[in-house]
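Please look over the chain displayed below before reading on.

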Amino acid sequence: MPKKSFFKRYLLTGLLIWVPLVITVWVLNLLVSTMDQTLLLLPESMRTESWLGVHIPGLGVILTLVVVLLTGVLAANFIGQKLVHWWEKVLLHIPVVNSIYKAVKQVSDTLFSESGHAFRKVLLVRYPHPEAWSLAFQTNVPVELNGHFSEEHVAAFIPTTPSPVNGFYFYIKRSEVIELDMSVDEALKYIISMGVVTSGGGRERKTQTLQPAAAPLVQARAANE
């Protein structure tokens, strides 16, 4: 084996081991460091630096979980609900703050509510041009837009890769989208991994389900080949 190929092979092998590990450690360190900021809420006499002489990382995670849990317990009773309602009423009367808080609260209610769902279906839409297809998530069309379209439209969020929290929000004719037999988790996995990670088990089932509706896509692929 040539020295160049030998060096390249083992260098790539080392990168494949270290890159995911380093990124995982970096993300965990970022999360723990952020949560450790909650320790600043405690008096200096109660912090580990005062009675141990050293900062113990990770205690902020425990404190954050305790605060969140206690907040949930307090908000579940009658008095807590009244306090939350009063606090939200105050925020909604502050200019600029009310718009941001209301939008963020609606998103969080959708994501974390047991009965809520952030995305309804996984779609295949033509984007960014008529000859290309992208994965998208069906959301909700605002009631205010009812009657403004000549035919039925769906709201589609097209995420970017590898960060699906950013993307584009469009209204597309229902006749021009393909509903996929795919879970939201699977679609997110494909987007985050840029298509590298796939599940071969359900491929045949999904292809058969899409066959009638995806005929233009199949024809376009055949023409390109």
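## Nonpolar cores

A nonpolar core is here a set of buried Ala, Val, Leu, Ile, Met, Phe, Trp, Tyr and Cys residues joined through side-chain atoms within 4.5 Å, where buried stands for a relative accessible area under 20%. The model to which this is applied is a predicted one. Its largest nonpolar core has eleven residues, namely V122, L124, W133, F137, F157, I178, L180, M182, A187, Y190 and I191. At least two residues of this core come from each of β1, β2 and α6, and the largest share, three residues, is that of α6.

Another core, of eight residues, lies apart from the largest one, and L123, V125, I158 and V177 are among its members. As background to these two sets, the side chains in a regular strand alternate between the two faces of the sheet.

## Overall make-up of the chain

The chain holds eight helices and five strands, and in sequence order these elements follow the pattern α-α-α-α-α-β-β-β-β-β-α-α-α. Of its 225 residues, 18% count as buried. The accessible surface of the chain amounts to about 17,100 Å², and carbon and sulfur atoms account for 66% of that surface. When contacts between residues at least 6 apart in sequence are considered, 38% of them join residues at least 24 apart.

## The sheet and the helix packed on it

In what order do the five strands of the open sheet lie? The order is β4-β3-β2-β1-β5, with antiparallel pairing. The edge strands, each of which pairs on one side only, are β4, spanning 167–173, and β5, spanning 178–179. Helix α6, made of residues 184–192, packs on this sheet and touches β1, β2 (133–138) and β3 (153–159), while its direction makes an angle of about 140° with that of β2.

Strand β1, which covers residues 121–126, has β5 as an antiparallel partner over two bridges; in this pairing L123 stands opposite E179, and L124 is opposite I178. Between β1 and β2, which also run antiparallel, there are six bridges, and V122 has F137 of β2 as its bridge partner.

## Two residues in their surroundings

The side chain of H153 reaches the backbone oxygen of E151 at a distance of 2.8 Å. Not counting residues up to four places away in sequence, H153 touches V141, Y171, I172, K173 and R174.

S50 lies in helix α2, which is formed by residues 48–51. Because its relative accessibility is 48%, S50 counts as partly exposed. With neighbours within four places in sequence left aside, S50 is in contact with E44 and S45.

Key. Residues are numbered from 1 along each chain as its sequence is written. This is a predicted model: local features need pLDDT of at least 70, side-chain atom pairs count only at pLDDT 80 or more; totals for chains, interfaces and linings use all residues. Side-chain values use heavy atoms; hydrogens and water are left out. Two strands pair if DSSP finds at least two bridges between them. Helices (H or I, at least four residues) and strands (E, at least two) are DSSP runs, numbered from the N terminus. Contact means heavy atoms within 4.5 Å. Axes are lines fitted to C-alpha atoms, for helices over the stretch in contact, and angles run from 0 to 180 degrees between N-to-C directions. Buried means under 20% relative accessible area, exposed over 50%, partly exposed in between (1.4 Å probe, protein chains only). A polar contact is a pair of N or O atoms within 3.5 Å; within protein, one must be able to donate a hydrogen and the other to accept it, and residues adjacent in sequence count only if both atoms are side-chain atoms. Accessible areas come from the Shrake-Rupley method with a 1.4 Å probe; for residues, only the protein chains shown count as cover.
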